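Here's a quick look at a protein model and the ligand it holds. Have the structure open while you read.

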Amino acid sequence: MLEITGARVIVTSPGRNFVTLKIETKDGLTGLGDATLNGRELAVASYLTDHVIPCLIGRDAHRIEDIWQYLYRGAYWRRGPVTMSAIAAVDMALWDIKGKAAGLPLYQLLGGASREGCMVYGHANGTTIEETIDNALHYKEQGYRAIRLQSGVPGLASTYGVSRDRYFYEPADADLPTETLWSTEKYLRSVPPLFEAARAALGWDVHLLHDVHHRLTPIEAGRLGRDLEPYRPFWMEDATPAENQANFRLIRQHTTTPLAVGEVFNSVWDCKQLIEEQLIDYIRATVVHAGGITHLRRIASFADLHNVRTGCHGATDLSPVSMAAALHFGLSIPNFGIQEYMRHTGKTDAVFPHAYSFADGLMHPGEAPGLGVELDEALAAEHPYKRAYLPVNRLEDGTLYNW
Ligand code: GCO
Ligand code: MG
């Protein structure tokens with residue numbers, strides 16, 4: 001019995017908001033879990049503090065599966081991003097403790113390394129195609145084997161994925177949601193020339209990815225997928241919102257461009273049909289928003305039966321604790337595909353010193369016991385929470401649309 005004697009939520013904002021759960025045990029071992037839900041941080045903090053932590057005290061930290069079931073099945077109100085992010089934080093922290101108790105990096109407990117490292121993709125962006133390609137060339141020089149391309153759309157003032165700062169992208173940019181304008185027609189004209197220019201400049205030995213960010217209908221997505229086929233993209237991400245999983249049948253009928261979806265999913269039920277019918281190629285569910293390692297493992301095993309590989313979300317709104325968990329997980333599973341890697345700022349890295357590292361296009365979680373991430377609480381306290389929302393998006397006639 002490794003008794004849980006305390007648990008606390010730490011909210012810090014070293015440039016952006018992060019919610020971290022710290023669990024303490026009787027013998028002094030502690031574990032960290034990420035509970036960050038962009039723009040809804042305090043809802044998860046309250047769910048943890050007011051409803052989860054009281055149920056944890058006195059339980060055996062070693063009983064990870066039982067605690068997961070207790071928090072999921074035992075809660076009556078199942079699923080949803082707030083609940084599942086809170087459960088994820090507990091789950092990560094318990095795996096962290098188990099690793100430390102064993103004196104082993106977490107990937108060893110998950111079955112050991114299945115590969116040398118996790119291939120990651122970086123984010124190249126720019127307001128023009130030239131700027132984006134120039135940025136992509138920098139990533140290639142740094143050894144990246146896979147690069148996501150997002151470029152400004154001529155005629156639109158701004159769009160998803162294009163930042164003022166070429167290296168650090170932060171879409172949660174205001175105290176109240178920023179409003180942006182969208183035109184599908186302008187967008188659809190802009191992407192094929194970007195990929196054509198990218199292949200000409202970067203060659204064929206690098207994977208190229210693109211995120212549609214939920215902005216097309218299925219038939220429009222089918223057309224974009226087909227238009228991009230000559231440039232062999234690694235994937236087209238979130239082509240259409242996925243609440244109606246059957247929508248992806250229509251995209252599949254029209255294109256062989258591989259499809260990735262699921263950064264907003266929080267349980268296997270969100271992707272059951274997508275996986276079972278092989279309507280996607282990569283599942284993007286993440287450790288923090290999909291119930292932790294315990295649940296993501298189930299999703300990945302199910303996906304493996306259907307030739308679907310992982311491509312976990314890894315934007316900057318997932319803390320270094322999530323990044324570490326994703327790398328231990330990705331290193332160990334058989335059907336790892338790729339891991340998103342949006343670098344955190346130096347300020348964030350200082351608050352969360354970590355053992356993971358990047359070299360030659362791959363990331364490795366390192367050999368520290370558990371997750372291999374610490375939280376400098378004194379430094380964290382210097383960065384108080386600051387409300388920040390993701391934008392909302394409207395069509396040019398004012399209709400509210402998907403961001
Ligand atoms: C990605 C994502 C992010 C999200 C962000 C929202 O592919 O990295 O789409 O950029 O927009 O995580 O909080
Ligand atoms: Mg995305």
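Which pocket does ligand 1 sit in? Ligand 1 sits in the largest pocket. A pocket here is an open set of points on a 1 Å grid over the protein atoms alone, with protein on both sides within 12 Å along at least five of seven lines, and a molecule sits in a pocket if more than half of its atoms lie within 2 Å of its grid points.

This is a predicted model, with local features needing pLDDT of at least 70 and side-chain atom pairs counting only at pLDDT 80 or more. Residues are numbered from 1 along each chain, and side-chain values use heavy atoms, leaving out hydrogens and water.

There are 15 residues around ligand 1 (a heavy atom within 4 Å), and Tyr160, His213, Glu263, Asp317 and Glu340 come nearest. By class, that shell has four nonpolar, four polar and seven charged residues.

As for the chain, an automatic or database assignment divides it into domain 1 (4-105) and domain 2 (109-367).

How values were computed:
Chains are lettered from A and ligands numbered from 1 in the order in which they are written. On a 1 Å grid over the protein atoms alone, a cavity is a set of points where a 1.4 Å probe fits but cannot get out, and a pocket is an open set with protein on both sides within 12 Å along at least five of seven lines; lining residues have an atom within 4 Å of a point. Ala, Val, Leu, Ile, Met, Phe, Trp, Tyr, Cys and Pro count as nonpolar, Asp, Glu, Lys and Arg as charged, and the others, Gly among them, as polar.
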